[in-house]
Amino acid sequence: MKLNHFEKSIISHPLRLWVQARIEAPLSLSMFPAGPGNIESALEIGCGFGQGVELIKRHLGGRRIVAIDLDEEQVAFVSRKYINDPGIEVLMADATALPFADNRFDLVCNFAVFHHIVDWQHAVAEVFRVLRPGGYFLLEDLYRLAICNPLSRRLFEHPQVNRFNHQQLLSGLASAGFVLIKERCLLDLTGVILVQKPVRD
Ligand SMILES: C[S@@+](CC[C@H](N)C(=O)[O-])C[C@H]1O[C@@H](n2cnc3c(N)ncnc32)[C@H](O)[C@@H]1O
């Protein structure tokens, strides 16, 4: 589901960049016990106005980054921003039907996207498919308590069915085959999770 005007203005506000640099970047890095390692190829689902691309590039060391979003305005904005960067490709695509081959990426990131997707379990399965064995999936998201309340319903447009809390998101990731590396939950409102696609022999 696309964002309404108010949510777009929040995620494109300069304060959002400050929060990302001061809070999200160190938090994301702290999720990797031995650092993110060699990230040759990364995917960001639901890239919004491109702040996540910046985080993956500057703080997680992603060399080639593919960013996707459903919203043509945001895809056009991020494409223009990185027009001269050959390491960054921006596409309009749906996280529940990723247009990529199996086992392609070393890292996939979801910065606040699943709470916009009704069938988020399907998106989890797609992320599992496109990650290489041993690859990481880093997620930050908003939970039922944060979006299914009168104030949030008045201000934003979020699906209200099949929403999830931290435990349900962890269960969905485990059901898809992911192994938990690290997780943090804040007041049942939001959480950060790092999981890994296992290497099978
Ligand atoms: C709350 S915004 C977060 C944007 C960005 N990741 C950030 O942290 O600033 C959610 C984004 O997910 C996108 N989105 C929603 N459903 C999607 C889907 N099924 N596939 C791809 N992107 C989706 C929206 O268009 C929006 O840009």
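Reader: Starting from the back end of the chain, which residues does Val195 touch, not counting residues up to four places away in sequence?
Author: Bear in mind that this is a predicted model, where local features need pLDDT of at least 70, side-chain atom pairs count only at pLDDT 80 or more, and totals for chains, interfaces and linings use all residues. Residues are numbered from 1 along each chain as its sequence is written. Two residues are in contact if their C-beta atoms, placed from the backbone, lie within 7 Å. With that rule, the residues Val195 touches are Phe137, Leu173, Phe178, Val179, Leu180 and Ile181.

Reader: And is Val195 buried or exposed?
Author: Val195 is in strand E7; helices (H or I, at least four residues) and strands (E, at least two) are DSSP runs, numbered from the N terminus. Burial goes by other C-beta atoms, placed from the backbone, within 10 Å of a residue's own: 20 or more is buried, 12 or fewer is exposed, and in between is partly exposed. Val195 has 28 such atoms within 10 Å, so it counts as buried.

Reader: How many Å apart in space are Val195 and Phe137?
Author: Phe137 is one of the residues that Val195 touches. In sequence the two are 58 residues apart. C-alpha to C-alpha, though, they are separated by 5.3 Å.

Reader: In which sense do E6 and E7 pair?
Author: Two strands pair if DSSP finds at least two bridges between them. E6 and E7 (residues 190-196) have 7 bridges, and Leu180 stands opposite Val195 in E7. The sense of the pairing is antiparallel.

Reader: Which residue in the turn of that hairpin has a positive phi of about 55 degrees?
Author: Most residues other than glycine have a negative phi. The loop between E6 and E7 also holds Asp188, whose phi is near 65 degrees. The hairpin has 3 residues between its strands, and the one with phi of about 55 degrees is Leu187.

Reader: Which residue in E2 is the bridge partner of Ser41?
Author: E1 and E2 pair in the parallel sense over 5 bridges. In one of the bridges to E2, the partner of Ser41 is Arg64.

Reader: Is Leu43 buried or exposed?
Author: Leu43 is in strand E1. Beyond four places in sequence, it is in contact with Val66, Phe105, Val108 and Val130. Because it has 30 C-beta neighbours inside 10 Å, Leu43 is buried.

Reader: Which residues have the most contacts inside the largest nonpolar core?
Author: A nonpolar core is a set of buried Ala, Val, Leu, Ile, Met, Phe, Trp, Tyr and Cys residues joined through C-beta atoms within 7 Å. Outside four places in sequence, Val108 is in contact with Leu43, Ile45, Val127, Val130, Leu131 and Phe137. The largest core has 43 residues, and those with the most contacts inside it are Ala67, Leu107, Val108 and Phe137.

Reader: How many of the 8 residues of H3 are buried?
Author: The buried residues of H3 are Gln51, Gly52, Val53, Leu55, Ile56 and Lys57. They pack against helices H2 (14-30) and H4 (72-81) and strands E1 (41-45), E2, E3 (88-92) and E4 (105-111). H3 is largely enclosed by the rest of the structure because its buried residues number 6.
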